[in-house]
Amino acid sequence: MQDHKQDLAVMLRRLRLDCGYSQKAVATGLGVERSTYSNYELGKVSPDLDTLRRLAQIYAVPLEAFLYPEEYRTIEAARQRPPKKINS
């Protein structure tokens, strides 16, 4: 379980940086505090399914990329379309 949590944390950070988003911008798009999103990226807390769905929309990746991050090691493998524009 810990490996999955860390794989997910790494993927969230890579996707955010690839999109050029700040943690604050993504957190605002999700309706959570920046510290909550930071904890997702640190692997301290796992996002719930609804949050994962919203993240999939923001980052333009299939939900499965978060459920099975070990199968989507690269952003290119996960990305289906350009990332969603979020207002920060």
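The following conversation discusses the predicted model shown above.

Reader: To begin, how many helices and strands does the chain have?

Author: The model is predicted, and its chain has 6 helices and 0 strands. Read from the N terminus, the order of elements is α-α-α-α-α-α.

Reader: What share of the residues counts as buried?

Author: Of the 88 residues, 40% count as buried. The accessible surface of the chain is about 5,200 Å², and carbon and sulfur atoms account for 47% of that surface.

Reader: Which residues of the largest nonpolar core touch the most other members?

Author: That core has 21 residues, and those touching the most other members are Leu 12, Val 26, Tyr 37, Leu 55, Tyr 59 and Phe 66. Two or more core residues come from each of helix 1 (2-19), helix 2 (23-30), helix 3 (34-42), helix 4 and helix 5 (64-67). As a general point, nonpolar side chains in soluble globular proteins tend to be buried together.

Reader: Let us take Tyr 59. Is Tyr 59 buried or exposed?

Author: Tyr 59 lies in helix 4, which covers residues 49-59. Its relative accessible area is 0%, which is under the 20% cut-off, so Tyr 59 counts as buried.

Reader: Which side chain makes a polar contact with the side chain of Tyr 59?

Author: The side chain of Tyr 37 does, at 2.8 Å.

Reader: And how far apart are the C-alpha atoms of Tyr 59 and Leu 12?

Author: They are separated by 9.0 Å, while the two residues are 47 apart along the chain.

Reader: Turning to Arg 16, why does Arg 16 count as buried?

Author: Arg 16, in helix 1, has a relative accessible area of 7%, and because this is under 20%, Arg 16 counts as buried. Leaving out residues up to four places away in sequence, Arg 16 touches Tyr 21, Ser 22, Gln 23, Val 26, Tyr 37, Glu 41 and Tyr 59.

Reader: Which residues of helix 2 are buried?

Author: They are Gln 23, Ala 25, Val 26, Ala 27 and Leu 30. Gly 31 follows helix 2 and has a positive phi, near 80°.

Reader: Now the surface. Which residues make the nonpolar patch of about 250 Å²?

Author: Leu 49, Leu 67 and Tyr 68 make that patch. Leu 67 belongs to helix 5. With a relative accessibility of 34%, which falls between 20% and 50%, Leu 67 therefore counts as partly exposed.

Note on methods. Residues numbered from 1 in each chain as written. Predicted model: local features only at pLDDT ≥ 70, side-chain atom pairs only at ≥ 80, totals over all residues. Heavy atoms only, no water. Helix = DSSP H or I, 4+ residues; strand = E, 2+ residues; numbered from the N terminus. Buried < 20%, exposed > 50% of the residue type's maximum accessible area, 1.4 Å probe, protein only. Polar contact = N/O pair within 3.5 Å; in protein donor to acceptor, adjacent residues only side chain to side chain. Core = buried A, V, L, I, M, F, W, Y, C linked by side-chain atoms within 4.5 Å. Patch = residues over 30% accessible without salt bridge, like charges linked within 9 Å, V, L, I, M, F, W, Y side chains within 5 Å. Areas by Shrake-Rupley, 256 points an atom, 1.4 Å probe, with all protein chains shown as cover. Salt bridge = Lys/Arg side-chain N within 4 Å of Asp/Glu carboxyl O. Contact = heavy atoms within 4.5 Å.
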